[in-house]
Amino acid sequence: MNTHYYCRHCGNHIGSIEREEIYNVVLGHLTEQEKQDMLHYDENGNIYVKAICEDCQHTLENHPHYHEYESFIQ
Ligand SMILES: [Zn+2]
């Protein structure tokens, strides 16, 4: 069981970490609403997190309205 990060804009696989780490590092900082929006679970207990890759982060910095066209392919 791992935690997989995907870019919420382009669907790029950013990386994977051990499941335990996400609770300590990430989930402690999220509201319930944010968890529901960002996290998805599969039947094997893997966690999929919508995040943002470096390319899209760079795009957002240059085009602040880009996030209005958010799409995520799962
Ligand atoms: Zn991206």
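Visitor: Which residues are the protein donors of the zinc ion, and what makes them donors?
Guide: They are C7, C10, C53 and C56, each through its SG atom. A donor is an N, O or S atom within 2.8 Å of the metal (3.2 Å for Na, K and Ca); water is not among the atoms, so sites may look incomplete. These SG atoms lie 2.2 to 2.3 Å from the zinc ion, so they count as donors.
Guide: Some ground rules. This is a predicted model, where local features need pLDDT of at least 70, side-chain atom pairs count only at pLDDT 80 or more, and totals for chains, interfaces and linings use all residues. Residues are numbered from 1 along each chain as its sequence is written, and side-chain values use heavy atoms, with hydrogens and water left out.

Visitor: What spacing do the donors follow along the chain?
Guide: The pattern is C-x2-C-x42-C-x2-C. C10 and C53 link distant parts of the chain, 43 residues apart. C10 sits in the loop between strand 1 (2–7) and strand 2 (13–18). C53 sits in the loop between strand 4 (47–51) and helix 3 (54–62). Helices (H or I, at least four residues) and strands (E, at least two) are DSSP runs, numbered from the N terminus.

Visitor: How do you know whether C53 is buried or exposed?
Guide: Buried means under 20% relative accessible area, exposed over 50%, partly exposed in between (1.4 Å probe, protein chains only). C53 has 5%, so C53 is buried. C10 has 47%, so C10 is partly exposed.

Visitor: What makes R8 and D37 a salt bridge?
Guide: The term needs a side-chain nitrogen of Lys or Arg within 4 Å of a carboxyl oxygen of Asp or Glu. R8 and D37 meet at 3.2 Å, N to O, so the pair qualifies. R8 lies in the loop between strand 1 and strand 2, and D37 in helix 2 (residues 32–38), 29 residues apart. R8 is buried at 15%, while D37 is partly exposed at 34%.

Visitor: How many salt bridges does the structure hold?
Guide: There are 2. K35 also bridges to E32, with the closest N and O atoms 3.4 Å apart. Both lie in helix 2, 3 residues apart, about one turn of the helix. E32 has 52% relative accessible area, so E32 is exposed.
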